[in-house]
Amino acid sequence: MRLPHGRHFGYCTNVHPASSWPELRRVLDGPVRAVRQRVAARENPFGLGLWLSCETAESLGEPGALEELKSWLRANGSYVFTLNGFPHGKFHGEAVKENIYRPDWTTRARLDYTVRLFELLAGLLPADVVCGSISTLPGSFKGFGLDDSAEALIFRNLAECAVQIDRRRDRHGRDLVLGLEPEPLGWFENTAETLDFFKKFFARPDTPRCAREVIGVTCDACHLAVEFEDAADALAAWHDAGIRLAKIHFSSALRLRPGAAALAALRHFDEPVYLHQVIARDASGHLRRWHDLPEALAAAENLPPLAHGGEWRVHFHVPLHAAPAPPLLDTRENLAGIFDFLARHPALGPHLEMETYTWAVLPEPLRATAVEEQIAAEYAWTLAQLRQRGLSA
């Protein structure tokens, strides 16, 4: 939906299983339409952040497919302003884990997929929406064991992507931007690593001048919270460094003080589909990282009960509108800093998106209603936060 200061707000459809165009069409006719009916007034078109898998993106290039999608959007009072280009293939129903990073930005496959998404996005943007964004992974995954030469490949592919985006900006007369999304154990995962990555990328002689305009950062509140970072401080640091803010994901992570009861409750979130990186901070501020939740839980079994201490944060997107049952906690307080930052900087953050993609794997108490009801509740909570700061009517 359209907000003051030229901003757009919606939810990401990666919550719905749809890795082909026929599946996406069923999602649009089912849960997306149901969510729209619950939360959007007819006079305010319903903004969407579409997730298009590689297969879906290719099939939308077939004769008539893109026009069919555009026709659906018009008929249902909806529009697309952003795409999720992070998951390349299937994202539901089977183990994804670190494969979410494959293919990464060391490969031509990731470049080609992203360029195809920009071609589709340029064709989907309504005439009066001048800017379109796409989120993508932060280069690669630290767990792949890549050496420093991998970064040169990442930079080279991003440089080519910048040229391709810029050509489509000229051809379609639209402002287009790619947002790399820092994530725990990504090639860059926190504020300092993001600053370092972009400093090196922008300084390379083979990086085109247009790169600063068309390649920036996607801020995911959950990811920064897992890193024990203040989201508003990260946004300010990136902005001061001249890194463009492509979009912001409103999301919340699990947090806990790892006593026996909290660890027992946490086991209900150990599921086989998604990667749930864990970062622990002890009383001295030292951080310890685990690749996935099972490893962290196994490590906790070997710690004396009184030695747990500190706090754990888990990369598990939990509902914005409903806190997990105690003794588990969430990181919604980190979102307050983002809302306040947006209020102070009306020219920044044009694209705002809710991204709780984990509904299907949440423990039963947190998914007691249909997914469209839960998404509608997230809209109500988020819009209330925006209204408190004059960011929504």
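1. Contacts of His16. In this predicted model, His16 touches Tyr11, Val27, Pro31, Val32, Trp51, His92, Val371 and Ile375, leaving aside residues up to four places away in sequence. His16 sits in the loop between strand 1 (8-12) and helix 1. With a relative accessibility of 3%, His16 counts as buried. Leu245 is 229 residues from His16 in sequence, and the C-alpha atoms of the two are 26 Å apart in space.

2. Helix 1 and helix 3. Two packed helices are described by the angle between their axes and the distance between the axes. Here the axes of helix 1 (residues 21-39) and helix 3 (residues 65-75) come within 12 Å and cross at roughly 0°. Helix 1 is therefore roughly parallel to helix 3. On the side of helix 1, the contact is made by Trp21, Arg25, Leu28, Asp29, Val32 and Arg33, and on the side of helix 3 by Ala65, Glu68, Leu69 and Trp72. Sorted by type, the residues of this contact are 6 nonpolar, no polar and 4 charged.

3. The largest nonpolar core. This core has 131 residues, and those with the most contacts inside it are Phe250, Leu266 and Tyr379. Helix 4 (residues 108-124) gives the most to the core, with 9 residues. What does Leu266 touch, not counting residues up to four places away in sequence? The partners of Leu266 are Leu254, Leu256, Leu293, Leu297, Trp312, Val314 and Leu328.

4. A second core and Phe228. A separate core of 5 residues includes Val226, Phe228, Ala253 and Ile279. Phe228 lies in the loop between helix 8 (221-226) and helix 9 (231-240). Phe228 counts as buried because its relative accessibility is 13%, under the 20% limit. Its backbone deserves a check: phi of Phe228 is near 60°, a positive value in a residue other than glycine.

5. Lys97. A positive phi also occurs at Lys97, where the angle is about 45° although the residue is not a glycine. Lys97 is found in the loop between strand 3 and helix 4. Is this lysine buried or exposed? Lys97 is buried, with a relative accessible area of 16%.

6. Cis peptide bonds. Another cis peptide bond joins Pro326 and Pro327, with omega at about 15°. Pro327 is located in the loop between strand 11 (311-318) and strand 12 (329-330).

7. Cysteines. How many disulfides does a search of the whole structure find? The search finds 0.

Notes:
Residues are numbered from 1 along each chain as its sequence is written. This is a predicted model: local features need pLDDT of at least 70, side-chain atom pairs count only at pLDDT 80 or more; totals for chains, interfaces and linings use all residues. Side-chain values use heavy atoms; hydrogens and water are left out. Axes are lines fitted to C-alpha atoms, for helices over the stretch in contact, and angles run from 0 to 180 degrees between N-to-C directions. Helices (H or I, at least four residues) and strands (E, at least two) are DSSP runs, numbered from the N terminus. Angles under 35 degrees count as roughly parallel, over 145 as roughly antiparallel, 65 to 115 as roughly perpendicular and the rest as oblique. Contact means heavy atoms within 4.5 Å. Ala, Val, Leu, Ile, Met, Phe, Trp, Tyr, Cys and Pro count as nonpolar, Asp, Glu, Lys and Arg as charged, and the others, Gly among them, as polar. A disulfide is a pair of cysteine sulfur atoms within 2.5 Å. A nonpolar core is a set of buried Ala, Val, Leu, Ile, Met, Phe, Trp, Tyr and Cys residues joined through side-chain atoms within 4.5 Å. Buried means under 20% relative accessible area, exposed over 50%, partly exposed in between (1.4 Å probe, protein chains only).
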